[in-house]
Amino acid sequence: MIVLWTDGLIYLLVVTSVVFAWYLGRQQHMRRPLKKIAASPVAMASLTLLLCFALIGLADSIHFKDGDSRGNEAVSLLDVACDTMRKHGEKTYSAPFAVHGYAKETLALDDGSTRWDYPRLQYGGAHLADPETEWAGDVFDKTLSGFSRGAGLMLMVLLLAWGDQHERRRTLWRSASSKAVWATLFVVVSGSYTLFSLSEYYHVLGTDKVGEDVFYQTLKSIRTGLVIGSLTTLVMLPLAIVFGIMAGFFKGWVDDVIQFIYTTLNSIPSVLLIAASILMVQVYMTNHPENFNNLLVRADMRLLFLCLILGVTSWTGLCRLLRAETLKLREMEYVLAAQALGVKPAMILFRHILPNVMHIVLISVVLDFSSLVLAEAVLSYINIGVDPTTHSWGNMINSARLEMAREPVVWWSLTAAFVFMFALVLAANLFADSVRDAFDPRRAGN
Amino acid sequence: MITYIIRRFLYALPLLMAVNVLTFVLFFVVNSPDDMARMQLGQKHVTEQAIQNWKHQHGYDLPLLWNGEQAGGKQLTDTIFYQKSVNLFLFDFGISDSGRNIGTDIRQRMWPSLALALPSLIVGLLVNITLALLMVLFRNTYVELGSSVLCVMLMSVSSLFYIIGGQFLIGKLLRLVPISGYDSGLAALKFLILPVIISVVAGIGAGARWYRTLFLEEVEKDYVRTARAKGLTETQVLFKHVLKNAMIPILTGVVVVLPLLFMGSLIMESFFSIPGLGSYTIDAINRQDFAIVRAMVFLGSVLYIAGLLLTDISYTLVDPRVRLS
């Protein structure tokens, strides 16, 4: 087993969020907003979708040495699950569900003559003897059987849940949000079952320029998106919380210094700061090639650097919010009482201020997630994002951009990236909205 | 008022110095000029002499902070920090790594950037505010629910898709306007229509939602109730009273970004090959031209700080409740 840097941090993040969720659940005053989120079907459905994405991302974060390859190439659990897709590489572009290549080439016939025609794909639809007549029926059959198997699995689980006679759980099942969760799960499970079973025979989302399966690429990109969206917060949170609370609580020169730091950082346009830092990292990497000999390690380090830099550029907003909130809180009676009783400032910060600004932290983390995922695509386009060898939606869009000018149009890479990114970001946005509605005291009334 | 502005101005100076030092550290201390030279000249088969030549040519062959070999004031001025960083304060951006004068380039490329950014801002503002007002007008109906859902969906699409989709649909399929390019004078108009439309559409999701929350906050207030009690219609209340009062946060939000308009939009300009500052920056990043990136970082911060200054001033002008202190 190989643990990359980002892998390790992802595990850390998972542990932290589980602990945080457990802590939240135990807090009396957090119960009401949590219940409000649980009662909202939209929030629960998008949370389910997010968790499905997270599951794929986590499966992609467990790396080990590839057993049957000679090199020391690392593969992840997801690679093993998508083994057929990974190995079924074509020569170049092919449309979704295609059996023939994208471009015509000279084919050698059995009788020695040559013909100028579309070649058959090596893997896509290779089991068909006569594609012209069998193709439509075969695709329909395979889709139906894949879907029915996935749906059957889900129906079985649903049946088990339905058979549960426990009264309290029964009312839980009947609530609107649990119906939404089951519906989402049903769609996701049966949909992915269908796609996976189909991808044994076809390239469901086509192949790209070098013949790599696009569906596999999109699945691999999920991890990059999630890492950017979540690890950045891991970098950002300590800075924002420590500085924000200290500035608000101590006032005076501490406040001045911290305000000065974040105004300075804020005043540099973030894209340029990221560009400058990434350029510097590139220079460092080219001058110290011995530390980054492995392609995967190199790409991983760049991803980590990107998260670090994004974290450094994005903590200022939260810091300002926390400072303002702490300024308000420090005049509260319970803080004054604690001070009068002689509680040390560190203790006041930790026990009285921090728990009471947690809702702001939570809201801004959830809100930032989607914008970070979107930012990744833009940064990759400017070549200051993730490493070009890393699978990411930004890189997919970047390479697909020029393909739109081809004739016929190569639309599938772009569409695949669009659909998956849209699903992730939409789910994140919807979930963020309900988290904000539930936790923001100003909106608590309605 | 004047003293206030002067004080704000003086406060901006240390900020700029900090930005300057930060970029200096980022560009010269983390990586030595030798590293940069090697990066520019290529990794292999590069002689020590070639590196020295490159450094001398671009003025990187001086000590970083303190030149012990010179006498008097030259000890401070004959250094990379003085030559490359302090001069930025005088808006002397120097020569780019490819040998062009950055200052002239910036003055030339500023206008196309502005020609794209200003119409996008104004049209976007009008569209967003109108939509937000309509959403508030139809609040608690299915119209509002539908449009909020639509806004979230619009927000969830990456701006790259708007650009690629717009170029493909309007430029390639319908052939209404050229896909990309630029021309001088009024001829530039046909090249600017598509980018302006796309940047407005891409901004609708986030913008309309943001203004909607602003308006909703205003709608709850007492004066609105009074206005309704007077018998004004809902449209009159919204367009005459609410809009006027919500103008304060809207205006100050706009003023902050006004100076930054000069910097242009990075991706829009490079997609539509508009020769503005945004595409200039992207080209510099891709060519790894450190001098230009450094100049743009500094320019960007100057403009941002100018924006903050303008915001403070406009607050005091627009909102009589705000006192200068």
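**Salt bridges, burial and the interface**

Reply: A:E331 has a relative accessible area of 45%, so this residue counts as partly exposed. The model discussed here is predicted.

Me: With which residue does A:R330 form a salt bridge, and how far apart are the closest N and O atoms?
Reply: The partner of A:R330 in this salt bridge is A:E331. A:R330 counts as buried because its relative accessibility is 17%, and the limit for burial is under 20%. The closest N and O atoms of A:R330 and A:E331 are 3.3 Å apart.

Me: Which helices of chain A hold A:K220 and A:D79?
Reply: A:K220 and A:D79 form a salt bridge, with 3.1 Å between the closest N and O atoms. The pair links distant parts of the chain, the two residues being 141 residues apart. A:K220 lies in helix α9 of chain A, and A:D79 lies in helix α4 (residues 77–81).

Me: Are A:K220 and A:D79 buried or exposed?
Reply: A:K220 and A:D79 are linked with A:D60 in a network of salt bridges. As to their accessibility, A:K220 and A:D79 are both buried.

Me: Where do B:D222 and B:R225 lie?
Reply: B:D222 forms a salt bridge with B:R225, and their closest N and O atoms are 3.2 Å apart. Both residues are exposed. They are three residues apart, about one turn of the helix, and both lie in helix α10 (residues 222–229) of chain B.

Me: How many salt bridges does the structure hold over all chains?
Reply: Side chains of opposite charge can pair when their charged atoms come close. One example is the bridge between B:D222 and B:R225. Over all chains, the number of salt bridges is 17.

Me: Which residues form the salt bridge between chain B and chain A?
Reply: The rule finds one salt bridge across the interface of chain B and chain A. Its closest N and O atoms are 2.8 Å apart, and the residues are B:R209 and A:D433.

Me: Which helix supplies the largest share of the side of chain B that touches chain A?
Reply: Between chain B and chain A, three residue pairs are in polar contact. Several helices of chain B each supply at least two residues of the side that touches chain A, among them α1 (2–29), α9 (189–219) and α14 (290–318). The largest share, nine residues, comes from α14(B).

Me: How many nonpolar residues does the side of chain B that touches chain A have?
Reply: In total, 47 residues of chain B are in contact with 48 residues of chain A. By class, the side of chain B that touches chain A has five charged residues and twelve polar ones, and its nonpolar residues number 30.

Me: What area do chain B and chain A bury between them?
Reply: The size of an interface is often given as the accessible area lost when the parts come together. Of the area buried between chain B and chain A, 76% is on carbon and sulfur atoms. The area itself is about 4100 Å².

Me: Which elements do the buried residues of α15(A) pack against?
Reply: Helix α15 (residues 393–403) of chain A is mostly covered, with eight of its eleven residues buried. The buried residues include A:W393, A:M396 and A:E403. In chain A they pack against α9 (214–250), α14 (345–381) and α16 (412–439), together with, from chain B, α8.

Me: Why does A:A416 count as buried, and which residues is A:A416 in contact with?
Reply: A:A416 lies in helix α16 of chain A. This residue counts as buried because its relative accessibility is 4%, below the 20% limit. Leaving aside neighbours within four places in sequence, A:A416 is in contact with A:L205, A:V214, A:T218 and A:M396.

Me: What is the relative accessibility of A:S61?
Reply: A:S61 lies in the loop between α3 (41–59) and β1 (63–65) of chain A. Leaving aside neighbours within four places in sequence, A:S61 is in contact with A:D7, A:I10, A:Y11 and A:R223. A:S61 counts as buried, its relative accessibility being 0%.

Me: What percentage of the residues in chain A is buried?
Reply: The secondary structure of chain A comes to 16 helices and four strands. Among contacts in chain A with a separation of 6 or more, 72% join residues 24 or more positions apart. Of the 446 residues in chain A, the buried share is 48%.

Terms used: Residues are numbered from 1 along each chain as its sequence is written. Chains are lettered from A and ligands numbered from 1 in the order in which they are written. This is a predicted model: local features need pLDDT of at least 70, side-chain atom pairs count only at pLDDT 80 or more; totals for chains, interfaces and linings use all residues. Side-chain values use heavy atoms; hydrogens and water are left out. Contact means heavy atoms within 4.5 Å. Buried area is the accessible area (1.4 Å probe) that two parts lose on being put together, summed over both. A salt bridge is a side-chain nitrogen of Lys or Arg within 4 Å of a carboxyl oxygen of Asp or Glu. A polar contact is a pair of N or O atoms within 3.5 Å; within protein, one must be able to donate a hydrogen and the other to accept it, and residues adjacent in sequence count only if both atoms are side-chain atoms. Ala, Val, Leu, Ile, Met, Phe, Trp, Tyr, Cys and Pro count as nonpolar, Asp, Glu, Lys and Arg as charged, and the others, Gly among them, as polar. Buried means under 20% relative accessible area, exposed over 50%, partly exposed in between (1.4 Å probe, protein chains only).
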